[in-house]
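Visitor: I am new to this structure and would like a close look at one part of it. Please take it slowly.

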Amino acid sequence: MSKKKEFHEATEKEHWADNIAKKIVADKGELEEYTVAAGITPSGVVHIGNFREIITVDLIAKALRKIGKKVRFIYSWDDYDVFRKIPANFPNKEVLEKYLCQPIVDVPDPFEKHTSFAEHNEKEVEEQLPNLGIFPEFLYQAKKYRAREYSEGIKTAILNRKKIKELLDAWRKEPLAEEWSPVRVFCEKCNTDKTKILDYPSEYELKYSCECGFEDTFDFRKKGIAKLQWRVDWPMRWSFEKVQFEPSGKEHSSDGGSNTTASEISKQIWEYSAPYHIMYEFISIKGTGGKMSSSKGNTIDLNEMLSIYEPSIIRNLFVRTIPSKSFEISFDSDVISIYDSFDKLERSYFGEEEINENLKTSVAIAERECDGINITTTEEMQEATDFVLGIKTLTKSVKAEKEKITKPLNESLKGVRALFKPFEEKLKYVLDTTNNKIVDFSNKLEEEMSVDEEVKITNIKSAHGTMTFRKVKDIEIVDVNIIPRAYMVPDMVLIRKHVVAGAKIDGVILVEKKIPSLRA
Ligand SMILES: [Zn+2]
């Protein structure tokens with residue numbers, strides 16, 4: 001029975017997000033809460049390729065919640081990163097240029113709509129995510145650094161700077177400079193990072209000089225102008241937020257890439273085991289070739305995407321492709337076929353078409369199997385018994401698939417019913433009570449009037465309509481013993497009880513049936 005195995009496997013196929021959720025739990029163990037994270041530097045428009053990270057984490061968060069886990073989904077805006085490059089498609093370049101080397105959070109919005117360049121890019125995303133059913137907790141890194149929340153992390157990095165340098169150098173062709181520091185300082189005078197660390201006077205103090213000529217020693221518990229470099233900042237924040245899952249793009253995921261070094265630094269410096277990690281591939285626009293990138297200008301952002309595709313279709317594009325596979329987004333005639341296939345999916349969701357390809361295959365195989373069953377030996381009977389077990393599993397899968405749809409529907413129906421029930425009950429009471437009063441009065445009138453007058457009162461007119469009294473015929477049984485047999489139904493419950501107990505009843509015999517029963 002090789003086909004038996006085939007359909008067992010088919011029923012076991014699960015969505016990639018459910019699979020990853022299980023792996024996270026297996027890797028991190030049972031926890032009261034799982035923190036899943038995503039984040040980006042808002043150094044330009046957040047395009048749909050970057051969006052893949054958000055939706056990937058959202059799908060994992062939802063998969064974890066589905067298996068009963070409590071989840072915190074954090075999204076970091078790395079707006080304390082340095083503004084290094086003016087993005088191609090932004091206006092007011094001459095204004096932006098003055099802010100190069102400053103924190104992104106301090107760069108003005110060239111569109112003059114928001115308080116800063118960072119906020120401009122952040123709001124574009126934050127305002128659209130609810131339309132896609134995504135609600136992360138946003139963390140603003142500039143705010144956190146400036147509030148000195150990471151002082152202990154900075155101290156640890158500084159104390160371990162030699163070891164961190166070694167870990168990073170292991171992956172580098174050219175080692176980092178001898179005086180390399182895991183921390184950078186934004187000059188208090190000119191706000192740029194054109195600074196150099198001169199000394200570490202005490203565990204919380206930094207002495208620095210700037211290209212502008214300024215020089216100072218400060219305590220980073222009191223002034224939030226020190227920031228960890230990206231490769232150190234990332235692992236520090238993992239342990240700070242206790243992150244259990246964070247994916248990263250291909251560019252961070254290669255051997256020796258920032259994910260590799262962050263994992264090593266996290267473990268060795270912060271004694272925190274790195275989050276469960278997956279790599280997600282890039283997305284390209286059909287016809288433009290290659291990876292979407294802000295500098296190339298072949299990007300599309302969420303707003304543009306939403307102007308073409310419905311939110312549910314955008315979600316579906318990402319849901320159906322496992323993150324490790326790249327895919328193309330089309331803006332040509334394919335748009336129509338994508339809509340078509342989505343409509344098909346939607347119809348199947350509501351039961352108009354085959355619900356699930358896996359189930360369809362499994363059931364078809366089971367059907368074929370069943371036709372071929374021919375039991376002549378005890379071995380064959382054993383196989384058939386195994387087969388029945390498999391069918392039970394399959395039946396459970398069908399039920400689970402069905403309930404995925406019926407459960408939420410039933411839940412909402414229950415709510416709707418509860419909402420209207422008191423009104424319906426009150427109205428029924430009002431109607432019954434009033435009808436009784438009318439019938440009572442009508443009976444009273446009938447008693448008082450002569451037969452001639454009776455006809456006149458069967459219709460009573462009011463301003464809103466006419467109340468009509470119908471005369472209906474009904475029956476009452478006066479002697480059950482003289483009713484002919486043709487009108488009688490045997491009492492099966494009583495007969496079965498007595499005959500099984502040994503009684504003899506004319507016209508009834510006791511039989512024995514064999515009913516197969518199997519317990520898994
Ligand atoms: Zn300066």
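Visitor: Between which two strands is the loop in which Asn191 lies?

Guide: Asn191 is in the loop that runs between β4 (183-185) and β5 (195-199). Strands (E, at least two residues) and helices (H or I, at least four) are DSSP runs, numbered from the N terminus. The model is predicted, so local features need pLDDT of at least 70 and side-chain atom pairs count only at pLDDT 80 or more, while totals for chains, interfaces and linings use all residues. Residues are numbered from 1 along each chain as its sequence is written, and side-chain values use heavy atoms, with hydrogens and water left out.

Although Asn191 is not a glycine, its phi is positive, about 65°. Its relative accessibility is 22%, so Asn191 counts as partly exposed; that class lies between buried (under 20% relative accessible area) and exposed (over 50%), with a 1.4 Å probe and protein chains only.

Asn92, also not a glycine, has a positive phi of about 55°. Its loop joins β2 (71-77) to α4 (93-97), and Asn92 is partly exposed because its relative accessible area is 31%.

Both β2 and α4 are among the elements that cover the buried residues of helix α5, where contact means heavy atoms within 4.5 Å. The cover also includes α3 (48-66), β3 (137-140) and α12 (302-308). Among the buried residues of α5 are Phe117, His120 and Val125. This helix, residues 117-128, has 12 residues and reaches 18 Å from its first C-alpha to its last, close to the expected 16 Å; that expectation is 1.5 Å times one less than the number of residues.
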